[in-house]
Amino acid sequence: MLTRRAWCYVQETPHGQHLTIELGDGSLVTKECAIIDTCVLLSDPDVVVRAAKIGFPVVTKTVFDEIDYNKKNSDIDTAKNAKLIFRKIKHQTPKQLNTLPCGKGLRDGDTLYKYEFDSAPLFVLTRNHYKAKRNTFNDANTYNDATIREVAKDYDLILVTEDGGNKTLADLDGIRATVWAPRAKNRRAQKTALVPTPPSVQPFGIATSVTPDRHQARRPQAIPGEGDTVTLGRSGSSVRLARQIGAGGEGQVFELTGDNRVAKIYHSDQLTANRIAKLELMASRTVSRNGICWPEKLVYAADGSPVGYVMQRAQGHPLQKSVFVKPLLSQRFPKWRRENLVNVCLSFLEHMQYLHVLNVLVGDINPMNVLVDSDGTNVFIVDTDSFQVEGFPCPVGTVNFSPPHLQHKNFRTVLRTEDDELFAIATMLFMILVPGKTPYSQQGGESPEKNIIEANFPYPLGGEHKGKNVSPGPWRYIWSHLPYRLKELFHKAFRENQRITISEWLDALRAYQGDIAKGYLSNDVFPAGFKVPRGQGVKVTCTRRGCGKSFELFRDKVAELNEKGQSPICPDCLRTMELERLARTSAAANNSTERRPPSQGGGWQSAFSKRGTNKPHTMPRAHTSRTSSHAQASATKQRAASGPGGKWVVAFLAVLLVLGLMVGWWIVPVILIAVVGVGLLGGKIPR
């Protein structure tokens, strides 16, 4: 049996010194040092063993402190992995080293220790003083990430992280970094885990004042349309505008012949100097992230005038026209479970995190600008030309996504802050997890603006905040099934007016995702009833006549019903009873209308007659008879309206009321517009 001999030596490379192993067959293996982030170790401690086969795994004392803290994490797997890591090294006496295993000397104030982790080496670096200052960061997590990046940069280590935002920050700081993927999700990613990333993107500046409006830009001789040729960039390639696929108040969107991207072409009156300057600024950065439809290049007409921009093509359906409407959600994504909603939240948050690192704010976060597809992991953000970049504000916004101090503001004159955006992000997350329902929507409440300003959030939290005025429908059931950590964050955001960081949302949602996968929490998009904590349910029978269905109810709820002398009723019967109550209310209104005595004049006819003088009428007899006929016909129509036709009107209004309560009040004007449109087309309503 032949044994291969190997020689080890330090080799100089463009990235410094690395340990090179020369095998007996002449092949070379270069092993580099990689610094592993906390989230990676907590997800899969065995990554140390696999990393040791292709490099030298390094962690900082900060990482160990975070792991120690996570031994009491609410997520069972995270806590178990944290305890496992400490169990494997806590009884060891580490060996102190003067250099990193790849040959780099230590800096002043740094100490390096070597541990054994399942017979693989694990190097732990401690540092007395970091350049990063704790008081300059919003929370401990972002500070710890900064210290890890600081060590990675000082020693030119490859950063292995599970956090896309941390990787982006590393890219911007010139640190080689890679996003690690768990073995179960991406086996191929682990084989190439220590591969450097592409060049970084320079963040935009942070402005303190709005860029003043300038004169109108030079208008093109003609706005290009389908079949016209345009140029991508000032000296770029020429392409032909193909089929129009969208249109709005600002312009039109076209496919491009021979290009999988699309072009937005503005209307002539939208081509202002400020808009063009903003697009040029945005296109000056190579922001290439799948799902963010960023202006890549300006589009120029035949006369050389800028008329729009080119961007990646979005896929999927807007949240407002799919996830936020129950019938459309069932139609667009019939196989979706609650885990898919969590996927949408995570993907959306990762986009927001990436943009915030570049000092870009979306501004107008709303469900028409966020598109989803497949299993919820593909999220696209459109209308990016309205983003706030440096001194160019996002000129639009909506009530539901604006924090209290921005209500009734003119967004064209305001620069939003990251805290303002965090309010909108919290609102979007709530509306995804409680599909389509805005956080401040409630039964018998004030206007949305007033509820936001007064922090009138109706949903309960433990014994401190009893829920009241929650809109009828499935929303109360959905809320009861959310994990306590998420409900606590929503209360802080909407009741206490705190700003929750993206990192906090990501941590809470990933834990929620894990709890759903383990079966600890319901995976139903619309649960049928209130959550029953494990081991605390009581089997009861529905006492509504004709039902008798057996179902499980939280024991505290049973005790509450007994105390009030009430009987349990199943969720299905509760919904039926709510609909019956609405029907009775409508019928009572109908009967009240029928019993009302007929009007003795009034309306526009009465008002018109009162304008006349007291002189006797001198109208010819024939004219008088025709007027009398018209009056009789009018009276006949009024009697018909108060008959069966009037009942149909009341029934129609009742249907609108039920749909508004069950689906959302936005659907009422949609139906009314549709009815009027059909009436106009059919000639039933005079034009």
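Two strands are said to pair if DSSP finds at least two bridges between them. By that criterion, strand E12 and strand E13 (residues 259-266) pair, with six bridges joining them in the antiparallel sense.

1. Overall make-up. The model is a predicted one. Its chain contains 21 helices and 22 strands. Of the 687 residues in the chain, 45% are buried. Among contacts between residues at least 6 apart in sequence, 57% link residues at least 24 apart.

2. The barrel. Six strands close into a barrel, and their order is E10-E11-E12-E13-E15-E14, with antiparallel pairing. On average, neighbouring strands of this sheet are turned by 45 degrees against each other, direction ignored. In general, the strands of a sheet pair through backbone hydrogen bonds, either parallel or antiparallel.

3. Strand E12 and its neighbours. Strand E12 spans residues 251-256 and is mostly covered, five of its six residues being buried. To strand E11 (residues 238-247) it is joined by four bridges, and the two strands run antiparallel. Within this pairing, Gly246 has Val253 of E12 as its bridge partner. A hairpin is formed by E11 and E12, with three residues between them.

4. The hairpin of E12 and E13. What lies between E12 and E13? The two strands form a hairpin with two residues between them, and Gly258 in the turn has a positive phi of about 75 degrees. Across the pair, Leu256 stands opposite Asp259 in E13. The six antiparallel bridges named at the outset belong to this pair of strands.

5. Strands E10 and E14. The ends of the barrel order given above are E10 and E14. Strand E10 (residues 229-232) pairs with strand E14 (residues 297-300) over two bridges, in the antiparallel sense. Here Leu232 stands opposite Val299 in E14.

6. Helix H8, residues 273-283, lies across E13, E14 and strand E15 (306-311). Its direction runs at about 135 degrees to E14.

7. The open sheet. A sheet of three strands has the order E16-E18-E19; this sheet is open, and its pairing is antiparallel. Its edge strands are E16 (317-318) and E19 (378-381), each of which pairs on one side only. Strand E18 (residues 370-373) pairs with E19 over four bridges in the antiparallel sense, and the bridge partner of Val370 in E19 is Ile381. Helix H10 (residues 338-357) packs on the sheet and touches E18 and E19, its direction making about 45 degrees with that of E19.

8. Helices H10 and H11. H10 also packs with helix H11 (residues 418-433), at an angle of about 165 degrees and with the axes 9 Å apart. Angles over 145 degrees count as roughly antiparallel; H10 and H11 are therefore roughly antiparallel to each other. The crossing of H10 with H11 is right-handed. Residues of H10 in the contact include Leu341, Cys345, Phe348 and Met352, and those of H11 include Glu421, Ile425, Met428 and Ile432. By class, the contact has 12 nonpolar, one polar and three charged residues.

9. Helices H14 and H15. The axes of helix H14 (residues 484-494) and helix H15 (residues 502-517) come within 9 Å and cross at roughly 150 degrees. Are these helices roughly parallel or roughly antiparallel to each other? H14 and H15 are roughly antiparallel, as follows from that angle. Their crossing is left-handed. H14 contributes Arg485, Leu486, Leu489 and Phe490 to the contact, while H15 contributes Glu504, Trp505, Ala508, Leu509 and Tyr512. Sorted by class, the contact has seven nonpolar, no polar and two charged residues.

10. Where is Cys542 found? Cys542 is in the loop between strand E21 (537-541) and strand E22 (550-554). Its relative accessibility is 4%, so Cys542 counts as buried. Leaving aside neighbours within four places in sequence, Cys542 is in contact with Cys547, Gly548, Lys549, Phe551, Pro568, Ile569, Cys570 and Cys573. The C-alpha atoms of Cys542 and Asp572, which are 30 residues apart along the chain, are separated by 9.8 Å.

Definitions and conventions
Residues numbered from 1 in each chain as written. Predicted model: local features only at pLDDT ≥ 70, side-chain atom pairs only at ≥ 80, totals over all residues. Heavy atoms only, no water. Axes fitted to C-alpha atoms, helices over the stretch in contact; angles between N-to-C directions. Parallel < 35°, antiparallel > 145°, perpendicular 65-115°, else oblique. Left-handed = near helix turned anticlockwise from the far one by under 90°. Contact = heavy atoms within 4.5 Å. Nonpolar A, V, L, I, M, F, W, Y, C, P; charged D, E, K, R; others polar. Buried < 20%, exposed > 50% of the residue type's maximum accessible area, 1.4 Å probe, protein only.
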